[in-house]
Structure formats: structure tokens, C-alpha cells
Amino acid sequence: MGNDIVLSQIEQVEAFLDETVTVVSDYLNGVTIDALKSEGSEDKEEYYKQLLSGLRRLVVFCEEGLDACHVVLNTTPFRKPAAEKTLYKIYHQCIEEFFSPKNDVWFENSRSAYTGKNAIKFSDEAPASLAVLFSKLEGQFQKVREELEYYETDYRTKMMQS
């Protein structure tokens, strides 16, 4: 891929991560376990804690990716290999974490592509505000995943060849 394409992708990913960090951080800063219990079920406190923990983990990965994008974009001259490595890491840490989090409190329904519905499903009943947040985020994560899937194979191939 040419420098212009990689530069454009890292700029797009930077904007995506900036928006994601803002939206998720605003949600996390404004929500409490008690508020989630009042939206959903009193007996699901542990599950709600796990949901929030997964979101905090996701936002940390996104913040790290955003910082890496800033470094790559502010380095002169533009270093394509560093940008490609950054995009590869963002794909694995941010995008994969969104669709398949460590604690499995939500997951991607692989059949959703055929149904036209949201791909993210919760392993238990989620509070309405959280479901709205995920439906707001999902489209952009899917778009960026499609853009960065190239790095899944290309970067790994380059590393094995060197």
C-alpha cells in the first residue's frame, strides 16, 4: 500500500478512536451501578460490574491506540512501517476487544450479517442505556474492522518474511 493510503487510514482511525473514547468515557463517567440496576434488574449487579469493566478495558485500549496514532501522525517524515504496525495493533486490541471481549459479557453474533440486526449480543440482559451505547458504536467498529482487516494478514506476512 502507498504512503497516502496508509496515511489516510491512520487519520480515519485516529478520528474514529477519538470519537469512541469520548462517547465511551462520557458514558462511563455518567453511569453508576445503581443507575444500571434501576434500568434493569436488581439481582444483576455482578453482571453490570463485568459489563462496565469490559467497557473500561476497551476505552483504555482505544486511548492507547489514539496516542499511537498521534505519535505516528506527528512524526516527520511519515513512517509507513510504523503506521502499519500501529494499525495492526489497533485492529487486535481495539476492534477485536469490541467484538470479542476478554470477559465474554457480550459477544458477536456471527449470523447477524445475514439478518441485518446488530451483531453485538449480551450474555445476559443488559440495561437499556448500555444497549443503546453499543448500537451507536457498532456500526463504526464494523466499518473500521473492514478497513483494517488487510493488516491482519499483510502485516503478519511481512513480519514472517523479515
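**The core.** I started with the largest nonpolar core, which has 48 residues. By nonpolar core I mean a set of buried Ala, Val, Leu, Ile, Met, Phe, Trp, Tyr and Cys residues joined through side-chain atoms within 4.5 Å. Buried stands for under 20% relative accessible area, exposed for over 50%, and partly exposed for in between (1.4 Å probe, protein chains only). Leu 17, Leu 51, Leu 55 and Phe 141 have the most contacts inside this core. Two or more residues come from each of α1, α2, α3, α4, β2 (120-122) and α6 (128-161). The largest share, 12 residues, is given by α3.

A note on what I am looking at: this is a predicted model, where local features need pLDDT of at least 70 and side-chain atom pairs count only at pLDDT 80 or more, while totals for chains, interfaces and linings use all residues. Residues are numbered from 1 along each chain as its sequence is written, and side-chain values use heavy atoms, with hydrogens and water left out.

I then picked Leu 55 and listed what it touches, taking contact as heavy atoms within 4.5 Å. Not counting residues up to four places away in sequence, Leu 55 touches Val 24, Tyr 27, Leu 28, Trp 106, Leu 130, Leu 133 and Phe 134.

**The overall layout.** I counted 6 helices and 2 strands; these are DSSP runs (helices H or I, at least four residues; strands E, at least two), numbered from the N terminus. Along the sequence the pattern reads α-α-α-α-β-α-β-α. Of the 162 residues, 43% count as buried. I also checked how far contacts reach: among those with a separation of 6 or more, 73% are between residues 24 or more positions apart.

**Helix packing.** Two packed helices are described by the angle between their axes and the distance between the axes. Axes here are lines fitted to C-alpha atoms, for helices over the stretch in contact, and angles run from 0 to 180 degrees between N-to-C directions.

I looked at α1 (residues 3-30) against α3 first. Their axes come within 9 Å and cross at roughly 145°. The crossing is left-handed, a label used if the near helix is turned anticlockwise from the far one by less than a right angle (right-handed if clockwise). The residues of this contact divide into 16 nonpolar, 4 polar and 5 charged. For these classes, Ala, Val, Leu, Ile, Met, Phe, Trp, Tyr, Cys and Pro count as nonpolar, Asp, Glu, Lys and Arg as charged, and the others, Gly among them, as polar.

Next came α1 against α4, at an angle of about 35° with axes 10 Å apart. This crossing is left-handed. On the α1 side I found residues including Val 6, Ile 10, Val 13 and Leu 17, and on the α4 side residues including Ala 83, Leu 87, Ile 90 and Cys 94. By class, the contact has 10 nonpolar, 3 polar and 2 charged residues.

**Salt bridges.** How many salt bridges does a search of the whole structure find? I got 7, with a salt bridge being a side-chain nitrogen of Lys or Arg within 4 Å of a carboxyl oxygen of Asp or Glu.

Lys 37 turned up in two that I noted. One is with Asp 34, the closest N and O atoms being 3.9 Å apart. Both residues lie in helix α2 (residues 33-39), 3 residues apart, about one turn of the helix. The other is with Glu 42, at 4.0 Å from N to O. Lys 37 is buried at 13% relative accessible area, whereas Asp 34 is exposed at 55% and Glu 42 is exposed at 56%.

Then I checked Glu 97 and Arg 57, whose closest N and O atoms are 3.0 Å apart in a salt bridge. This pair links distant parts of the chain, from helix α4 (residues 80-99) to helix α3 (residues 45-74), 40 residues apart. Is Glu 97 buried or exposed? Glu 97 is buried, at 7%, and Arg 57 is partly exposed, at 32%. Shared partners join Asp 34, Lys 37, Glu 42, Glu 45 and Lys 49 into one salt-bridge network.

Besides Arg 57, Glu 97 touches residues including Leu 58, Phe 61 and Trp 106. Lys 44 sits in the loop between α2 and α3 and is buried, at 17%. Leaving aside neighbours within four places in sequence, Lys 44 is in contact with Asp 124 and Glu 125.
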